Amino acid sequence: MRIPVVGAGLAGVTCARALAGQGHEVRILDKGRGLGGRLATRRIEGGQFDHGAIALPVADAGFSALLADLEEERAVARWTPLWSDSEQWVGLPGMSALVKALARGLEVETGRRVAGLERKRAGWFLSFEDGEGEGPFDLLLLAIPQPQALELLTPWPEWSAALSVAAMAPCWTGLFAFEEALPPGTGLQQDPASPIRRMLRDSAKPGRAGGLDCWVVQASSEWTAQNLEIEKEEAAALLLAAACEVWRADPGKPRYAAGHRWRYAFTAKPLGESHLFDASLGLGVCGDWCLGEEAEAAYRSGAALAQAVLSGDAG
């Protein structure tokens with residue numbers, strides 16, 4: 001079957017990999033410039049930031065086995081962050097490396113934003129933001145954030161109703177790099193009233209190099225929602241001020257400072273099912289928002305949708 005998978009995050013690549021492994025003609029389409037979705041890495045001179053998912057706690061046996069294989073390829077490493085007693089995983093040299101390794105050998109097109117869908121007797125037809133179109137396709141699989149899937153599926157009210165059960169929350173993220181390192185252990189304690197949801201020294205992860213002391217500061221969903229439309233520079237300044245209160249120190253002017261807004265960062269309310277798939281319509285959706293907040297939920301959702309397609313199970 002000819003199958004486009006819209007979305008090159010962990011869910012989409014997991015799904016596409018399983019289907020391609022069974023001989024289907026699968027193509028991944030993504031509006032972004034690269035792979036990974038929220039498993040994202042921003043690189044600067046002297047450092048880098050995993051500014052989406054900052055580490056991966058894993059409980060699922062299948063995902064654990066997959067990561068163990070990728071560890072042998074030096075695409076991921078085990079790491080125990082200071083805030084946790086449990087071992088987690090990070091990509092090498094950045095979080096996006098995990099998805100890039102999984103996508104190896106797959107057909108991927110970036111910078112391709114799907115603007116519309118049409119279902120005809122011959123199959124699915126896609127229209128893109130640049131005015132081009134493609135089709136027919138035998139199946140259509142969406143592995144994108146719930147609000148984006150909801151927008152594309154507006155012409156199908158039953159799907160809109162089903163997807164509306166879930167909800168996602170935004171997150172402003174601050175990226176800061178300093179010439180001089182803050183003291184070890186800085187930032188472990190924080191005020192519950194702080195706008196900061198989570199923060200960590202990204203340069204402390206395995207395989208990070210460059211010399212700068214790099215920090216990722218994630219705002220709470222509540223604070224982000226209240227400040228959703230402010231400029232990136234203002235968001236960065238506010239989060240740096242909040243971080244200084246947590247650090248109880250003024251590290252001086254950062255060598256690098258930036259704000260990044262994730263409109264659809266976290267799962268506020270999961271769908272409650274691993275995926276949705278209608279074999280007769282040839283349509284399926286998956287994503288972390290189906291099951292939960294962590295990246296592991298994206299893996300499980302993508303794998304479940306692929307299995308449903310391969311078995312012909314309508315779900």
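**View 1. A salt bridge joins the side chains of D130 and R112.** The nitrogen-to-oxygen distance is 3.4 Å; a salt bridge is a side-chain nitrogen of Lys or Arg within 4 Å of a carboxyl oxygen of Asp or Glu. D130 lies in the loop between β9 and β10 (133–137) and R112 in the loop between β7 and β8, so the pair ties together parts that are 18 residues apart in sequence. D130 is exposed, at 52% relative accessible area, whereas R112 is buried, at 11%. Buried means under 20% relative accessible area, exposed over 50%, and partly exposed in between (1.4 Å probe, protein chains only). R112 and D130 also belong to a network of salt bridges with R27, E107, E109, E132 and E134.

This is a predicted model, in which local features need pLDDT of at least 70 and side-chain atom pairs count only at pLDDT 80 or more, while totals for chains, interfaces and linings use all residues. Residues are numbered from 1 along each chain as its sequence is written, and side-chain values use heavy atoms, with hydrogens and water left out.

**View 2. R208 and D50 form another salt bridge, among 21 found in the whole structure.** Their N-to-O distance is 2.6 Å. R208 is in the loop between β13 (196–201) and β14, and D50 in the loop between β4 (47–49) and α2 (61–72), so the pair ties together parts 158 residues apart in sequence. Both ends are buried: R208 has 12% relative accessibility and D50 has 0%.

**View 3. The side chains of E179 and R255 meet in a salt bridge at 2.7 Å, N to O.** E179 lies in the loop between β12 (167–178) and β13, and R255 in the loop between α7 (232–247) and β15 (256–269), so this pair ties together parts 76 residues apart in sequence. R255 is partly exposed, with a relative accessible area of 44%.

**View 4. Six strands form an open, mixed sheet in the order β7-β2-β1-β11-β17-β16.** Strands (E, at least two residues) and helices (H or I, at least four) are DSSP runs numbered from the N terminus, and two strands pair if DSSP finds at least two bridges between them. At the edges are β7 (107–110) and β16 (276–278), each pairing on one side only. Strands β1 (residues 2–6) and β11 (residues 140–142) are parallel and share two bridges; V6 stands opposite L142 in β11. Helix α1 (residues 10–20) packs on the sheet and touches β1, β2 (25–30) and β11; contact means heavy atoms within 4.5 Å. The direction of α1 makes about 165° with that of β2, where axes are lines fitted to C-alpha atoms, for helices over the stretch in contact, and angles run from 0 to 180 degrees between N-to-C directions.

**View 5. Strands β8 and β9 are joined in a hairpin through two residues.** Strand β8 (residues 114–120) runs antiparallel to β9 (residues 123–128), with six bridges between them. The bridge partner of E118 is F125 in β9.

**View 6. C15 lies in a structure with zero disulfides.** A disulfide is a pair of cysteine sulfur atoms within 2.5 Å. The closest cysteine sulfur to that of C15 is in C286, at 5.0 Å, too far for a bond. C15 is buried, with a relative accessible area of 0%. For C244, the closest cysteine sulfur is in C214, 16 Å away and too far for a bond.
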